[in-house]
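Here's a quick briefing on one structure, sorted by topic. Have a look at the sequence and the model first, then read on.

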Amino acid sequence: MNGGVYLQTNDAERNEVAAFRRGEDGRLERLGRFATGGRGTGVPHLTSQGSIVLTRDGAHLLVANAGSDDVSLFAVRDDGLALLACEGSGGLAPTSVAEHDGVVYVLNAGAANVTGFRIQNDRLMPIEGSTRDLSAPRADPAQVGFSPDGTTLVVTERGTDRIVTYGVNHDGMLGNAAPHASSGPTPYGFAFSGERTLVVTEAFGAQVGKAAASSYRLENGVVTARTRSLGNGRSEICWAVVSHDDRHAYTTNFADGAVSRYAIAPDGTIELEDAAAGTTVEGRPGLRDEDVTPDGRYLYAVDTDAQRVFGWAVGGDGALEPLGSWDGLPATVAGLAAR
């Protein structure tokens with residue numbers, strides 16, 4: 001098997017992972033659906049990035065079940081997925097998950113906290129005393145993620161326009177929350193380039209034509225702006241991924257069906273290269289979660305309104321070449337992870 005693409009149905013009664021097998025040419029075929037043991041919200045447009053993620057070694061898949069307040073752990077196999085565990089999230093309405101070397105943190109949007117776990121012997125084991133509050137009860141968080149070296153945990157807060165960092169100790173425990181002002185309003189999804197450059201999307205309260213992205217340097221848990229609120233002329237930018245070579249960031253714009261491409265310089269600054277590097281249907285809303293395969297060859301994004309996955313081949317210069325699209329998804333589909 002060359003790889004796969006995974007999404008959650010977010011069904012309110014029986015959440016499932018919709019799995020696709022990826023061919024050598026990047027095209028997808030349906031592999032099946034696999035029950036998470038939990039429940040989703042049953043509502044279209046789950047407001048988060050990272051509700052379904054692969055571990056860094058590709059051996060496991062993690063899914064946040066926002067409707068039943070738990071997290072599922074799957075083993076990833078060539079013929080599909082095997083459910084190993086479904087564990088309480090340590091809060092309410094988990095919407096994003098992050099993993100680094102077996103340490104897992106779950107973002108509980110309803111409780112405004114993060115809670116830690118370890119993957120041990122194909123089980124998800126809670127880290128006692130690991131729960132940490134966000135910077136405010138009404139944080140309205142969007143994503144949780146580790147820095148590439150695993151020493152910092154990052155959360156974006158739309159409700160406070162903050163980026164919050166926590167130092168990560170060797171035992172997986174976190175330090176205190178350190179809030180940093182976002183360059184622009186409504187910070188949403190983010191991705192790292194290299195070890196220290198952080199690219200964050202800014203939805204600007206869904207104002208038409210105001211979508212933007214900012215870049216930061218992360219040093220010892222401190223976030224310092226490098227490029228502030230660089231607009232792309234699109235609307236409702238929310239999700240971000242970085243290319244395999246760390247030279248480009250791709251962002252999806254929910255309101256108008258476009259994937260934008262930003263160039264990332266070695267000093268951490270960014271420049272808009274193409275506001276519509278890829279499109280589903282120009283001007284049609286629905287484009288959301290995205291991911292790049294670990295080999296850097298393909299980018300996939302889900303259009304929830306069209307209920308399809310769209311794919312592009314990634315060129316050496318970062319250009320996107322359409323591969324096609326694949327249907328069979330419910331209107332509640334959320335998250336996307338690729339391997």
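Gly67 sits in the loop that runs between β5 (60-65) and β6 (70-77); strands here are DSSP E runs of at least two residues, numbered from the N terminus. This is a predicted model, so local features need pLDDT of at least 70 and side-chain atom pairs count only at pLDDT 80 or more, while totals for chains, interfaces and linings use all residues. Residues are numbered from 1 along each chain as its sequence is written, and side-chain values use heavy atoms, with hydrogens and water left out.

- Gly67 is partly exposed because its relative accessibility is 30% (buried means under 20% relative accessible area, exposed over 50%, partly exposed in between, with a 1.4 Å probe and protein chains only).
- Not counting residues up to four places away in sequence, Gly67 touches Arg39, Gly40 and Thr41 (contact means heavy atoms within 4.5 Å).
- Ala334 is 267 residues from Gly67 in sequence, and their C-alpha atoms are 13 Å apart.
- Asp69 is in that loop between β5 and β6 too, and has a positive phi of about 60 degrees although it is not a glycine.
- Asp69 has 28% relative accessibility, so it counts as partly exposed.
- Asp161, in the loop between β14 (152-157) and β15 (162-167), is another non-glycine with positive phi, near 55 degrees.
- With a relative accessible area of 30%, Asp161 is partly exposed.

**The largest pocket**

- The largest pocket holds about 1200 Å³ of space. A pocket is an open set of points on a 1 Å grid over the protein atoms alone where a 1.4 Å probe fits, with protein on both sides within 12 Å along at least five of seven lines; points are joined across faces, edges and corners, and the volume is the space filled by probe spheres set on them.
- Its lining has 43 residues, and Leu54, Arg56, Ala191, Asp291 and Val292 are the closest to the centre (a lining residue has an atom within 4 Å of a point).
- At least two lining residues come from each of β4 (52-54), β8 (94-100), β13 (141-146), β17 (187-193), β21 (237-242), β25 (287-292) and β29 (334-338).
- By type, the lining splits into 20 nonpolar, 15 polar and eight charged residues (Ala, Val, Leu, Ile, Met, Phe, Trp, Tyr, Cys and Pro count as nonpolar, Asp, Glu, Lys and Arg as charged, the others, Gly among them, as polar).
- Val292 belongs to strand β25 and is buried, at 11% relative accessible area.
- Leaving aside neighbours within four places in sequence, Val292 is in contact with Val241, Val242, Tyr298, Leu299 and Ala338; the C-alpha atoms of Val292 and Val241 are separated by 6.9 Å.

**Thr115 and the cores**

- Thr115, in strand β10 (residues 113-120), is buried because its relative accessibility is 6%.
- The side chains of Thr115 and Thr131 are joined by a polar contact of 2.9 Å (a pair of N or O atoms within 3.5 Å, one able to donate a hydrogen and the other to accept it, with residues adjacent in sequence counting only if both atoms are side-chain atoms).
- In the largest nonpolar core, of 18 residues, Val114, Leu134, Leu153 and Tyr166 touch the most other members (a core is a set of buried Ala, Val, Leu, Ile, Met, Phe, Trp, Tyr and Cys residues joined through side-chain atoms within 4.5 Å).
- The largest share of this core, three residues, comes from β9.

Conventions:
Helices (H or I, at least four residues) and strands (E, at least two) are DSSP runs, numbered from the N terminus.
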